[in-house]
Amino acid sequence: MPTYAYACKQCGHRFDIVQSFSDAALTECPECGGTLRKQFGTVGVTFNGSGFYRTDSRAGGGAGGSTSTSSKSEATSSPAAAGS
């Protein structure tokens, strides 16, 4: 179940609560009874691997092909250099 952050518009009280997706959003501050506002933070999402960019799906040639080739050669040369 996800954790949601709330902040009171009147007193500024901030807190986190674990709620189900089907639960209704909280509307009343437990401290002062004021109106609550749901806080939204940044989400750390990283897409790794092939297929996430337009250049990844092209077969051969172009900027995408040379970039992925250089990345592979760097990856294979790094362990050999570290082992020496």
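## Aromatic pair, core and strands

By the rule applied here, the count of aromatic pairs comes to 1. In this predicted model, that pair consists of Tyr6 and Phe15, whose rings are stacked, with 5.8 Å from centre to centre and 25° between the planes. A pair of aromatic rings is described by the distance of the centres and the angle of the planes. Because buried means under 20% relative accessible area, Tyr6 counts as buried at 1%, and Phe15 is likewise buried at 17%.

Both residues also belong to the largest nonpolar core, which has 6 residues: Tyr4, Tyr6, Cys8, Phe15, Cys29 and Leu36. Strand S1, covering residues 3-8, gives the most to this core, with 3 residues.

The strands are described next. S1 pairs with S2 in the antiparallel sense over 5 bridges, and Tyr4 has Ile17 as its bridge partner in S2. S1 and S2 form a hairpin with 5 residues between them. In the turn of this hairpin, Gly12 has a positive phi of about 85°. S1 also pairs with S3, again in the antiparallel sense, over 4 bridges. Here the bridge partner of Tyr6 in S3 is Lys38. The charged end of Lys38, in turn, sits over the ring of Tyr4, 4.2 Å from its centre.

Two cysteines can be followed through their contacts. Cys29, a member of the largest nonpolar core, is in contact with Cys8, Cys11, His13, Gly34 and Leu36, leaving aside its neighbours within four places in sequence. Cys32 is found in the loop between strand S2 (14-18) and strand S3 (36-39). Not counting residues up to four places away in sequence, Cys32 touches Cys8, Gln10 and Cys11. With a relative accessibility of 41%, Cys32 counts as partly exposed.

The relative accessibility values given above are collected here.

| Residue | Relative accessibility | Class |
|---|---|---|
| Tyr6 | 1% | buried |
| Phe15 | 17% | buried |
| Cys32 | 41% | partly exposed |

Key: Residues are numbered from 1 along each chain as its sequence is written. This is a predicted model: local features need pLDDT of at least 70, side-chain atom pairs count only at pLDDT 80 or more; totals for chains, interfaces and linings use all residues. Side-chain values use heavy atoms; hydrogens and water are left out. A nonpolar core is a set of buried Ala, Val, Leu, Ile, Met, Phe, Trp, Tyr and Cys residues joined through side-chain atoms within 4.5 Å. Buried means under 20% relative accessible area, exposed over 50%, partly exposed in between (1.4 Å probe, protein chains only). Contact means heavy atoms within 4.5 Å. Rings of Phe, Tyr and Trp (its six-membered ring) pair if their centres lie within 6.5 Å; planes under 30 degrees apart count as stacked, over 60 as edge-to-face and the rest as tilted. A charge sits over a ring if NZ of Lys or CZ of Arg is within 6 Å of the ring centre and within 35 degrees of the ring normal. Two strands pair if DSSP finds at least two bridges between them.
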